[in-house]
Each structure stands twice: as structure tokens, then as C-alpha cells.
Amino acid sequence: MIQALDDLDNRLGGGFARRQAARYLDDVVAPLLRQRHPSTVRAQLFVLAGKATGMTGWMSYDDGRSNQAQQYMTRALRLCAEGNDRVLSGQLYAGMAHVALSSGRAADGLRLAEAGCALVHRSGSPRGLMRLHAIRARAHAALGHRSDAARALTEAERALDRSSDPAEESRWVRSLGEHYLQTEMSCCFRDLGDARNAETFALASVYGNSGLGRRQAVSRAVLAWAQLQHGHLDQALTTADGALTGVGGVRSARGVRALREFAGHLMPHLQEAPVQRFLERLSTAGY
């Protein structure tokens, strides 16, 4: 069930299956946790319950429900601690850091990412550590710490380089690879105002994440921003149109937020007819 819901989340956005995931927790997982089990089964059950609960938190976050997301992820951390899974706990810290960043609390996001790094550093999970260094970089970028953000990105790349075989990693982080990091790096460079690097990594992310609707929407919006910074208005609008088309089939508040951020940068061009058409299309879509 975790695999099925995770696949729906990645392809169609958190809003698509959030209610189903929440019902599954209430109707199936919670009763299992109240039953008596042998110690080895109990530990595995609590870890899986932590994963399912954390995943519901990610879906809530992607559906624009930050408070719910925080509650689910905090609950999931307690379950993972019961099952003694540091790698999964680290991923939950990354999730809570993302929620904090999207809520404008960059300092809290940095604190959470650093706590996750300290935990996962002892677990021997390079890919798990890569994700946390990436969100550290995002937090530093949001705070305007350019050199700290650059160092965190370098640490993320080095961590990924240390993971030669995904099969040797925890099952919770095997899917985190080069294309995931490219998405995070593009967003980080956008937040730093570095259009050249943002364009490079956003373009790589667009091609590398072809089957993942949410990452496609976010990466295309970042790419459109970078193209706009280079003075290529028509190209930027074409890219943004593609992002808007893609996000229409994905229930993802993160994708919508990235498009809104791009739209905010179009204000100096409001007299341009193509800009007016794009903004009208964005408004018609309810964004």
C-alpha cells in the first residue's frame, strides 16, 4: 500500500491520494499498532507505520495543508524512533524542513535540516544525507547565505557520489538520485538569483524527471524564471505554458506555488499581450 500511494503521489501530486492515505492510517494502521506483537514484528510495524504516516504528511504538504503535514510528520518521527530507523527519521526531518521553508520560516528549516544531518550521518546512508544537505542549501539560500548554500550543495553532491549502488541503501532513499538533486539545486540557485545555474539544473531536471508530474511542474517553472532573467520573455512564457499544462493534471500546491512565483516576476511586462494571455490562463485555471 505504501508503494502504491507513493507512486500516485509522485506522478499525480499529493492532493490526489491524500484522503485515501489518511483513511488507511485510521482504518488499518492504527488498529494494527494497538495489537500485541513479538518485539521484532513490533519494530518493523512501527517503522512501516512511520513511513505511511510521514508519506501522508508529505501529501498534505503538497496539497497546501502545512499544519496537517507538520502534525503527521511529528507523529511519524515518534513511530520511527520506536522502530529505531534513523534513515527514515532523517527523511522526516527533511520533510519538516521543507514545510518550514514553504511557510517562510527559513531559520527553522535550517535547524531541522541540520538535526536530520546529525542523525543520518551516523546511519551510513549517503543518499539520505544528500537530501538533507540539499534542503540545508535551500534554507541557506532563503536566508541569503550564499557561501553556506554553495558548501551545502557541494556536500550533497559528495554524499551522492559515495552511493555507487542504490541497492545498498535503505529502501526509503533508493529513489533519491541525480535527478532529485538537480531539482533541488535548480530551486536553490533560483533563490540565490543565479539564473545561469538555475537554468542548467532545471533543464536537466525537466529531462530527467519526465515521469514525475510534480517535479516537472516545479522544474519548468524554475526554468521559465531563469529564461526570463536572461531576457528571453517569449521562451519563458512558452516554458511556463508547458508547466501550467503539466500542473493541470497534478494536484500539487508546490507546482502551483512555483508558477505563482514565476508570475510575480512578470509584473514589469504587464503591457505585453503574451504576458496578459498567460496570466489570464493562469487565473482561469484557478491559480
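The structure considered here is a predicted model. By the burial criterion, helix α3 is mostly covered, with 17 of its 24 residues buried. The span of α3 from its first C-alpha to its last is 35 Å, close to the 34 Å expected at 1.5 Å a residue. Just after this helix, G64 adopts a positive phi of about 80°.

Helix α7 can be described in the same terms. Of its 17 residues, 16 are buried, so α7 is largely enclosed by the rest of the structure. Its end C-alpha atoms are 24 Å apart, which agrees with the 24 Å that 17 residues should span at 1.5 Å a residue. The residue G144 follows α7 and has a positive phi, near 80°.

## The Largest Pocket

The largest pocket has a volume of about 1,300 Å³. Its lining comprises 48 residues, and those closest to the pocket centre are W58, R131, Y180, R214 and R254. By class, the lining divides into 17 nonpolar, 14 polar and 17 charged residues.

At least two residues each are supplied by α1 (2-12), α3 (39-62), α5 (86-102), α7 (126-142), α9 (178-192), α11 (213-229) and α13 (253-264).

Helix α2 provides the largest share, 6 residues.

In terms of residue class, the lining of the second largest pocket holds 7 nonpolar, 1 polar and 2 charged residues.

## D62 and Its Contacts

Which residues does D62 contact, leaving aside its neighbours within four places in sequence? They are D9, G13, G14, R214, R251, S252, A253 and R254. Two of these, R214 and R254, are listed among the residues closest to the centre of the largest pocket.

D62 is found in helix α3. Its relative accessibility is 0%, and D62 therefore counts as buried. The side chain of D62 makes a polar contact with the side chain of R254, at 3.0 Å. A polar atom of the D62 side chain also lies 2.7 Å from the backbone nitrogen of G14.

L110 lies in helix α6, which covers residues 106-121. With a relative accessible area of 11%, L110 is buried, because the value falls under the 20% limit. When residues up to four places away in sequence are not counted, L110 touches R136, A139, H140 and L143. L110 and A97 are 13 residues apart in sequence, and their C-alpha atoms are 6.8 Å apart in space.

R190 is placed in helix α9. Its relative accessibility of 15% means that R190 counts as buried. Leaving aside neighbours within four places in sequence, the residues in contact with R190 are R138, A198, V222, W225 and E261.

## Exposed Positions

Is E178 buried or exposed? At 51% relative accessibility, E178 counts as exposed, since the threshold is over 50%. Like R190, E178 belongs to helix α9. The C-alpha atom of E178 is separated by 8.7 Å from that of E157, and the two residues are 21 residues apart along the chain.

N84 is located in the loop between α4 and α5. At 63% relative accessibility, N84 counts as exposed. Although N84 is not a glycine, it has a positive phi of about 60°.

Notes. Residues are numbered from 1 along each chain as its sequence is written. This is a predicted model: local features need pLDDT of at least 70, side-chain atom pairs count only at pLDDT 80 or more; totals for chains, interfaces and linings use all residues. Side-chain values use heavy atoms; hydrogens and water are left out. On a 1 Å grid over the protein atoms alone, a cavity is a set of points where a 1.4 Å probe fits but cannot get out, and a pocket is an open set with protein on both sides within 12 Å along at least five of seven lines; lining residues have an atom within 4 Å of a point. Grid points are joined across faces, edges and corners, and a volume is the space filled by probe spheres set on the points. Helices (H or I, at least four residues) and strands (E, at least two) are DSSP runs, numbered from the N terminus. Ala, Val, Leu, Ile, Met, Phe, Trp, Tyr, Cys and Pro count as nonpolar, Asp, Glu, Lys and Arg as charged, and the others, Gly among them, as polar. The expected span of a helix is 1.5 Å times one less than its number of residues. Buried means under 20% relative accessible area, exposed over 50%, partly exposed in between (1.4 Å probe, protein chains only). A polar contact is a pair of N or O atoms within 3.5 Å; within protein, one must be able to donate a hydrogen and the other to accept it, and residues adjacent in sequence count only if both atoms are side-chain atoms. Contact means heavy atoms within 4.5 Å.
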